Amino acid sequence: MKKMILLNPGPVCTSERVKNSLLKGDLCHRESEFSTILSNTRNKILQAFAPNKGYTTAIITGSGTASLEAGICSSVSEGRKILIINNGVYGERISRIASAYKINKVELKYDWLEQPDINQIEDAILQDTKIEVVAMVHHETTTGLLNPIHEVGAITKKHGKAFFLDSVSGLGGEEIDLVTDNVDICIGTANKCIQGLPGLSFVLLKQNEVQRLRSIPPRSLYLNVISQLDEQEQKGECPFTPSVHTFYAFEEALDELLEESVQGRLNRYKKASSYLRGQFKQLDLELLLPEEILSNTITALYLPRNMTYARLHDSLKERGFIIYAGQGELNKKIFRIANMGELTMDDLEAFIKNLHEVLSA
Ligand SMILES: Cc1ncc(COP(=O)(O)O)c(C=O)c1O
């Protein structure tokens, strides 16, 4: 297959090292060799994202939504509620998951182009004593908007609520400190800023949340955080057949991340997005959001006049670059450029050159 430069927010371009790890060989997931890989991979997730201890993690075979679903259906007690902060497609997804499991919810909906109002969140918590968990997306991939995790974490801590964070497109790309941001449950995936392959995701759980979650009767057999965690921690196994080869790639990708350092990865992404945003301005492309609230990895841009997304996408694809459409109401108005993954400055410069040619054709 022709090499494509992926400028979509996952699955991302990966290194040869990650791809080659798939060839390590066939392995039975009930053998000690797999237990070693599982344990190493879990430890490396913790080393990268919870270096100050106090957290544990369960890896789930399934995309980011699988761990999101596991986290939500495992963390709200019977008769209690989840407060959902919804300002994009993925906030909406949390809400849909809560509905699917018939979990009582309170929702604060915001425009997709705005950050949530901290005072409103606090008022909502104060108004309903049944709220047990507050859920928010870290980086709304819909628009590239960053949500105020530190402020929301401070409020949830103040009021004794669990803070549930979807950081599927945040971990490895954005500033986050689970401890000082008071995150109790955090969801991540292998194939965005961690630069692994699609098929594995994970739940990071504060140690002192384990007991609370253990008291909640399972709503799902497969997607239950406690049963996944117990099996992984106590037996060194996954309860169901894991995607063994994707684990090889995940461990390799975590090694690469730790070698680069999480801060080093963030800096690389920040440098890439600053370069791209500077170039977009020179091409007279208008950003959807002000730069102050943008992530390090996604830039959403209005489609130029007289250009459809399909034409822009197809012309760039012919030249080896994959861009990404807007979602929902933004579908006809915007396109998105992600700079996650194994991308060099040469790749980005080549993309800008091709974008310029396509736009001026
Ligand atoms: C913030 C966020 N949450 C959840 C998901 C869902 O992940 P997946 O598509 O891997 O199920 C995505 C995917 O883009 C995402 O960006």
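A polar contact here is a pair of N or O atoms within 3.5 Å; within protein, one must be able to donate a hydrogen and the other to accept it, and residues adjacent in sequence count only if both atoms are side-chain atoms. With that in hand, look at Asn87, whose side chain makes such a contact with the side chain of Asn147 at 2.8 Å. The model is predicted, so local features need pLDDT of at least 70 and side-chain atom pairs count only at pLDDT 80 or more, while totals for chains, interfaces and linings use all residues. Residues are numbered from 1 along each chain as its sequence is written, and side-chain values use heavy atoms, with hydrogens and water left out.

Back to Asn87. You'll find it in the loop between β3 (81-86) and α4 (89-100); helices (H or I, at least four residues) and strands (E, at least two) are DSSP runs, numbered from the N terminus. The Asn87 side chain also reaches the backbone oxygen of Glu114, at 3.0 Å. Leaving aside neighbours within four places in sequence, Asn87 is in contact (heavy atoms within 4.5 Å) with residues including Tyr110, Trp112, Pro116 and Leu145. Despite sitting in a loop, Asn87 is buried, with a relative accessible area of 0%. Buried means under 20% relative accessible area, exposed over 50%, and partly exposed in between, using a 1.4 Å probe and protein chains only.

Now step from β3 to its partner. β3 and β5 (residues 131-137) pair in the parallel sense over four bridges, where pairing takes at least two bridges found by DSSP between the strands. Ile84 has Ala135 of β5 as its bridge partner, and Ala135 also stands opposite Phe164 in β8. β5 and β8 (residues 162-166) are parallel too, with five bridges. How many of the seven residues of β5 are buried? Seven of the seven are, so the strand is largely enclosed by the rest of the structure.

Helix α7 (residues 207-214) has Glu209, Val210, Arg212 and Leu213 buried. The buried residues of α7 pack against β5 and β8, among others including β2 (55-61) and α8 (225-235).

Next, the helices. Two packed helices are described by the angle between their axes and the distance between the axes. For α2 (residues 32-49) and α9, the axes come within 9 Å and cross at roughly 35 degrees; axes are lines fitted to C-alpha atoms, for helices over the stretch in contact, and angles run from 0 to 180 degrees between N-to-C directions. By class, their contact has 13 nonpolar, three polar and three charged residues. Nonpolar covers Ala, Val, Leu, Ile, Met, Phe, Trp, Tyr, Cys and Pro, charged covers Asp, Glu, Lys and Arg, and the others, Gly among them, are polar. Phe34 and Ile37 are among the α2 residues involved, and Phe247 and Leu254 among those of α9.

Ala253 lies in α9 (residues 244-260) and is buried, at 0% relative accessible area. Not counting residues up to four places away in sequence, Ala253 touches Val18, Ile194, Gln195 and Gly196.

Lys53, in the loop between α2 and β2, has a positive phi near 65 degrees and is exposed, with a relative accessible area of 64%. Ser261, in the loop between α9 and α10 (262-282), has a positive phi near 80 degrees and counts as partly exposed at 30% relative accessibility. A cis peptide bond joins Gly10 and Pro11, with omega about -5 degrees.
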